[in-house]
Amino acid sequence: MIEHRGIKIVHYSGGLHFASRAVFKSNICQFLNINLTEETKRRKSPNFIEANDAIKYLILDFTALSYIDPSAISTFKTFIKDLELIDVQTLLAGCSPLVFEKMKKCNFIGGEENYVRTYPTVHDAVHFAQKQLRLRAGVSQTIQEVRL
């Protein structure tokens, strides 16, 4: 796990399937140091104040993800929606063509409802997250983007 201010990057290797999906979810929550149920309740409280160092972006480095099955994708969809409830956006980076196509076939990406943004590299995902964090903070852009 790598961490930048407001961003956590988790590298996952191996397969993600029906037998490993619950462990994957609990490991991610453990890395983020959150209990989704408790955090959701806490955010609904009228006295809720968000910490300055709160995680806003979770980048999942899937460059070494070898396989994902439909049951894991279904669990993943629910997990991402739960993270969005606590204001954590999930970005996927480095999915292999096999994994990307499976996610596309299961309408996880590229369909009417996109559950997550995908990027070819971790660097691209970090760049996007940092740009969004700067925009949220109202900091002017120091790097000019040029599109060709």
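**Interior packing, pockets and salt bridges in a predicted model**

Helix H3 makes the greatest contribution to the lining of the largest cavity, supplying four residues; helices and strands are here DSSP runs (H or I of at least four residues for helices, E of at least two for strands), numbered from the N terminus. The structure is a predicted model, in which local features need pLDDT of at least 70 and side-chain atom pairs count only at pLDDT 80 or more, whereas totals for chains, interfaces and linings use all residues. Residues are numbered from 1 along each chain as its sequence is written, and side-chain values use heavy atoms, with hydrogens and water left out.

A cavity is a set of points, on a 1 Å grid over the protein atoms alone, where a 1.4 Å probe fits but cannot get out, while a pocket is an open set with protein on both sides within 12 Å along at least five of seven lines; lining residues have an atom within 4 Å of a point. Grid points are joined across faces, edges and corners, and a volume is the space filled by probe spheres set on the points. One cavity of 30 Å³ or more is found by this rule, and the largest cavity holds about 40 Å³ of space. Its lining consists of Leu 16, Arg 21, Phe 24, Lys 25, Ala 72, Thr 75, Phe 76 and Phe 79, with H1 and H3 each supplying at least two residues. By class, this lining comprises five nonpolar, one polar and two charged residues, where Ala, Val, Leu, Ile, Met, Phe, Trp, Tyr, Cys and Pro count as nonpolar, Asp, Glu, Lys and Arg as charged, and the others, Gly among them, as polar.

Phe 76, one of the residues lining the cavity, also belongs to the largest nonpolar core, a set of 31 residues in which Leu 60, Phe 62, Phe 76, Leu 92, Met 103 and Phe 108 touch the most other members. A nonpolar core is a set of buried Ala, Val, Leu, Ile, Met, Phe, Trp, Tyr and Cys residues joined through side-chain atoms within 4.5 Å, buried meaning under 20% relative accessible area, exposed over 50% and partly exposed in between (1.4 Å probe, protein chains only). At least two residues of this core come from each of strand E2 (7–16), helix H1 (21–32), strand E3 (57–68), helix H3 (70–85) and helix H4 (97–105), and H3 gives the most, with six residues. When residues up to four places away in sequence are not counted, Phe 76 touches Phe 24, Leu 60, Phe 62, Leu 92 and Phe 108, contact being defined as heavy atoms within 4.5 Å. Another core, of 12 residues, lies apart from the largest one and includes Leu 91, Ala 125, Val 126 and Leu 133.

Ile 68 is found in strand E3 and counts as buried, at 1% relative accessibility. Ile 68 and Leu 16 are separated by 52 residues in sequence, yet their C-alpha atoms are 4.7 Å apart in space. With residues up to four places away in sequence again left out, the contacts of Ile 68 are Leu 16, Ile 73, Val 99, Lys 102 and Met 103.

The largest pocket has a volume of about 310 Å³ and is lined by 17 residues, among which Leu 32, Ile 34, Glu 39, Ala 54 and Ile 55 lie nearest its centre. Helix H2 (residues 36–44) gives the most to this lining, with three residues, and the lining as a whole has nine nonpolar, one polar and seven charged residues. The second largest pocket contains about 270 Å³ of space, and of its 15 lining residues Arg 5, Gly 6, Leu 133, Arg 134 and Ala 137 lie nearest the centre. Here helix H5 (residues 122–137) gives the most, with five residues, and the lining has six nonpolar, four polar and five charged residues.

Six salt bridges are found in a search of the whole structure, each being a side-chain nitrogen of Lys or Arg within 4 Å of a carboxyl oxygen of Asp or Glu. Glu 50, which is partly exposed with a relative accessible area of 30%, meets Arg 43 in a salt bridge (3.2 Å, N to O) and forms another with Lys 56, the closest N and O atoms being 2.6 Å apart; Lys 56 counts as buried, at 9% relative accessibility. A further salt bridge joins the side chains of Asp 87 and Arg 136 (3.6 Å, N to O). This pair links distant parts of the chain, with Asp 87 in the loop between H3 and strand E4 (89–93) and Arg 136 in helix H5, 49 residues apart. Asp 87 is partly exposed, with a relative accessible area of 26%, and Arg 136 likewise counts as partly exposed, at 45%. Through shared partners, salt bridges join Glu 39, Arg 42, Arg 43, Glu 50, Lys 56, Asp 87 and Arg 136 into one network.
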